[in-house]
Every structure is written in structure tokens, then in C-alpha cells.
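Open the model in your viewer and keep the selection tool at hand.

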Amino acid sequence: MTDKTPKVRLRGLYKIFGPNHKDMMQHVRAGMGKPELLEQHKHVLGLQDINVDMQAGEITVVMGLSGSGKSTLIRHLNRLIDPTAGEIIVDGIDVMGLSDDVLRKMRQEKMSMVFQKFALLPHRSVLQNAAMALEVQGVDEKTRTAEGMKWLVRVGLDGYEHHYPAQLSGGMQQRVGIARALTANTDIMLMDEAFSALDPLIRTDMQNLLLELQAELHKTIVFITHDLDEALKLADHLVILKDGAVIQQGEPQGILMNPSDPYIEDFVSDINRSRVLRVQSVMEPLKGTKFAGDVDIRANLESLIARSEGDTSLHYRVMDGDVAVGELHMRDLVKALVPRISSAA
Amino acid sequence: MAFYEGLFRVLGLEEWCGTGASDAPLSMADLLAQSAGDGAGSGPAFPFPSLDNLNESCGNFAQTRDLTKGLEDAFLSAKDSIKAVLDPITQPLSWLLDGALWMFAVIPWFIMIPILVAIAWWASRSIAVTVFVTFAILLLAFVDHYAVAMQTLSIIFVCTGISILLGVPTGIAMSKSDRLQKALVPVLDLLQTLPTFVYLIPLIFLFSVTESKLYGIAIILYAIVPVIRLTDLGIRLVDKDVIEAANAFGMSSNQRLAKVELPLALPNIMAGVNQTIMMSLAMVVIASLVSAPGLGVNVLRGIRNLELGVGIVAGIGIVLLAVILDRVSKAALSRVDMTHKTH
């Protein structure tokens, strides 16, 4: 895909749940599917043959419905769950080979995690929660309080540092969760359905907060969600999971324009395409027509429709910063708004 | 002669039966039967094939009293080695109990009562509870039950303290290992359901009745159960998500125990401590049978000498102590809401 070495790399990852999960690998390798394995051997196939590269500084979103194995997948990265087979390579080191002590060190220094149900320590104040990661690392109290406070302010919680989690709303609790992960100062952040328990308005706020932080911090973020809109909004790299297998992965706009599977087409057909699709996905190489104006390459189509007041005869010049990179015909834009249904339809 | 003789003849065991005769001592029932000249043929037409009935037909069969005698002999033969191990281990318990009894006796009432009231205030932070404790102690002192009440209280303090000291770590170990839990639960069930008098019996054989550890051990064995159970339960009930977060941030198991599990299990552990206190109080009364001093002695005197008034006053004194201990520990329990849900 790219020639950079990925930050996190999953190679042939399998997870089978059950008492004899190691023995079940032969059946799975021989091609047995999830329903057959459950029927004949009473073992649950959680993940099958996962191969994903996660680039440094990008948000990789793993999307799937409940039961698709996405939460299982994210727990493999820091080995809260051990795989049945396969490799997990973080910064070139196979995590499977680590001793307990080294693994703990890695969890402290390389990966932090944000949870769906927040999982804050209810008996600790907001500040103590935020500083928890540093406390585990053995950082002295003064430094960790200062550090925790810095990130609490950054996520918009100054003034609440002496409250307890139970006294805060869900959105605020998750801000504490994010502050806790940021205080750990790790390269990698794992976010397990971090915004799923929040109501829609708060969720949008939190997504914007995350994007804002990411623009500044460039962490490697692995984000799990079941919400396609959220996935498309956040993802640099989108992985779609179904029944424990990756069915398509790649750049989200690409998936939207070229779904590889009826399952994904179904998924994709329900979203507001004009808001999600961006100019770069429908533009064409620069030929030099008469332009009605300049648009940014990252602008979404909705904003363009508003600007053209619905006139489909217009053409716009696409700009990436100060450079003209292509042109956009409103006619193509309108066509792109119709989801592509599989050739049969 | 006896009902099952035919059976042994059919089995060809007649000869073997003839050789043995029970050398167990005659029971009182047998003696009475003999002297009444009551031979065979009286009992029911088809007796249950119990040990005693089979023995009647076949002298080589053990009788039930051989079983109880065997148990007794086994215990007596093992007694010396058990004692050799247990005696030194439990000796500090005697010192502690004697020391506490001595201390409660030697501190004059005008110092002791304020100390107890202060403890009640410190633990409960409740004016109502503290006022009640003050009045209850003054009332006990007013009817000249101060000394015995203090004896009971000192025994409870020592035994509860040791129960917590031993019980909490045991509960923690149990919560960490399913195998240990499986092994200990039947033991705990046994300790809790065995009639309290029954485990006084072997203790009487092991230790002399003048040693305070005799009743100390009985009280601790009985009262330690709830604190173990509820420590185990409390730690197992800690939210799995929070445990997962602790792991995800790289806590070691000791850090997790100290920073997450124990603080969150504390309300349950405190409930266990409350139960332990109440059970030591129940046992300290029964333990007066084996020389434990305190209010129980007066109750016992009431029963032995049919002194109704003495028994009732001591009984009410025990109720007062129970209410004091319960209210103070419950108030302390309600204070340890670590999650700060209110305010």
C-alpha cells in the first residue's frame, strides 16, 4: 500500500474461543466456517485471518456490527486477549514474544486505551484518574498532577478535577477517559467504541475534539465503531469486519465509491453521501475548462451543492492549498450522490 | 436367633462370624435390655440392616459405638502431635486475650468510657449513634455490669481483629484462585453450620480449660467465615471493565489489588467485618461454657441456678452490646461509599 513501515501490523491473526481452541486451528485452516465450527465443535470463531497494517500518525477505524469481532480485535493489540494464531507486530517487535514484565512496560509506554463504558476508577477523583497512567509508571506526584491537569484542560474539563466520575455526565466521563489516555503519552491510542455510549450531539462534539487533538498530536489511533458515519468522518484507513473476517479495507472514500461486497453496499447505501464524500473522490485531472470558482480538495459535496445553488452546468477548480490539482464537474458530483448498486440491480 | 443370621449362613460366613465377639464396652441400652431379660424376638419384624442389628447376628461385625469409639481413639492418639504444633502457634492468642482482659480491667471507668465513646464517634461520625453508645454503656455500668461487659467487649475486639487479619488475606487468595475457592467453600460452610457446641469438644481435649486461647480459637473459627466470604465476593464483584482498564494501563497484579480491587471491594469487606463482629458476640456467650469470662457467665449462671433475673439482665446487656457494635460498624460501613455517588 505505502512504502512506510507500519506502526502496528497484524499478520494472519486468528482467535477461536473455547477450551480446545489450539486444536481447532486445523479445522479452520482447512476452510471450516464460523457456523460449522460452532455446530460441530462448539467453538466460536472470533477472528479469522486478519491482516491489517496501521500506519503511524493515522486513524485506523475498524468497523463492523456487533458480534463481528471488532472489540476482540482491538484487545489483541495490547494482548488483553491472546490470539490463537498469528503475529502482532508493534514497532517491529512481535508482541507475542514478550514476557509479562515487558508486556506491562509496553502497555504503560506504548499503548493507551479508551473504553466504551469509560472504565474510570470510581473511587478516584477526575484528576487522579487522568494521572493514573503516570502513577502506574511510577512518576512522582507533582509531575503527574501537572501532566494530568494539562490534559484535563485540553479536553475542556478544567474546574472538574476534584469531582468524582459518578458526578459527571457520560460525555464528560469520556473526556476524562481521553485525558487519561493522553496523559499516558503513548504513541498508540486504542479506542474501543469510545463514543458509542454517548448521545448524538455529544458524540459529534467528541469526534471533533478527537480530530482536533489528532491534527496536533499525530498519534496512531485505532478506533472501533459500529457507526459508518463516525467511521467515515474519522478514518484515514477503514477496515470493515464481518463475522471475524476483514471484507474490505482501504481509504474510506474509495470504499464508498467502490464497495467490494453486497454487504458493504448495503451499509453504504444508507449514509448521507453528500456530507461524507469529498471533492477529491469525484474530481478529474485538470484540463482547463472555464471555472466558476476554486474549491478545496477536502471540501465535502454538500458544501459545493450549496455554493452552486444546484446548478449542474458549473465547473470548479480544485485546490490543494495553493496548487490547482484538478477540476470538478457538478454533473459528476450529482452522479456520485447515487449509491452504486451491484451490477445485478 | 437374630434376623440376619440366615443371611450370613447363606453367604458362608458363619464360621468367620463365630470367631469374633465385640470387645467394645456395653452401652447403657444393652445393659438395660440384658437386665430386663429381654432377648431376641422383641424388636420389629424386619429390622434395618444397621451395624448394631448385623452385629447381633454376626459377632465379627462392628457396632456403631465402635465407630464413635474409633473416632475418639483416633483423635486421642493424634492429640499429642496436634497439640505440639498448635500450642506454640496459638500461644500469642492467649497472651492477647489475657492482655486485653487485663487492660480493660485496669483502665478506670472514667477513662475507658470516654475512649469507647470516642471510638464510636470516630468510626461512625454520627451524633445519634454516639449518644446511644454513651447511654448504653452508662446503663450497663449503672446496673453493675460494667466489668463483665468490658470483658466481653475485650474478647470481641481481640477475636474480631485476628479474624480480619487472617480473613482478609484468605479472602483475597480465594478471589484470585478458583481452585482455592472450590476447596475452601465447603470448609467455610462446615464452620458456619456445625453446631457451635460441637467444635468446642475437640478444643477441650486439646487445650486446658484455663487457657484463654481455648475459647479464642472457638470464637475465631466461627466468626472468621463472613469476612473471608465477603472479601472474596467483593473482589470478584469489582467491575470487569475497570479491571480491564487497570490491565490496559499496565498495572501489575499487586498494583491492581491495592489501587483498584481492595478500595472497590471495601464496602463488601466492611459488611463482612460487621457480620464477624456479630458472630463473635454470639460465640463469646456460648464460649462461657469453656470458661470465657463476660456477660455469658451470668447467662450461664441464670440457666444453671435458675436465677431468672440474673439471666435476663445479662441477656439484655448482651443485646445492648450487640446493638452498639452493629450500629457503629454499620455507620462506619455506610461512610465508605468510595464512589461518591451522592453530594
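## Where the chains meet

Start by selecting the contact between the two chains: 21 residues of chain A and 18 residues of chain B take part, where two residues are in contact if their C-beta atoms, placed from the backbone, lie within 7 Å. Now keep the chain B side and colour α12 (240-248) and α13 (253-286), each of which supplies at least two residues of the side that touches chain A. The biggest giver to that side is α12(B), with six residues. By residue type, the side of chain B that touches chain A holds nine nonpolar, six polar and three charged residues (Ala, Val, Leu, Ile, Met, Phe, Trp, Tyr, Cys and Pro count as nonpolar, Asp, Glu, Lys and Arg as charged, and the others, Gly among them, as polar).

A word on what you are looking at: this is a predicted model, in which local features need pLDDT of at least 70 and side-chain atom pairs count only at pLDDT 80 or more, while totals for chains, interfaces and linings use all residues. Residues are numbered from 1 along each chain as its sequence is written, and chains are lettered from A and ligands numbered from 1 in the order in which they are written.

## Chain B in two parts

Next, select 2-62 of chain B as domain 1 and 78-342 as domain 2; these bounds come from an automatic or database domain assignment. The C-alpha centres of the two domains of chain B are 50 Å apart.

## Chain A as a whole

Switch to chain A and show it as a cartoon: you will find 16 helices and 13 strands (DSSP runs numbered from the N terminus, H or I of at least four residues for helices and E of at least two for strands). Its C-alpha trace spans about 65 × 55 × 35 Å along the principal axes. Of the 345 residues in chain A, 42% are buried, meaning that 20 or more other C-beta atoms, placed from the backbone, lie within 10 Å of a residue's own.

Zoom in on β12 (residues 315-320) of chain A, which runs antiparallel to β13(A) over six bridges. Show side chains here, and you can pick out Arg317(A) opposite Glu327(A) in β13(A).

Technical notes:
Buried ≥ 20, exposed ≤ 12 C-beta atoms within 10 Å, placed from the backbone. Pairing = 2+ DSSP bridges.
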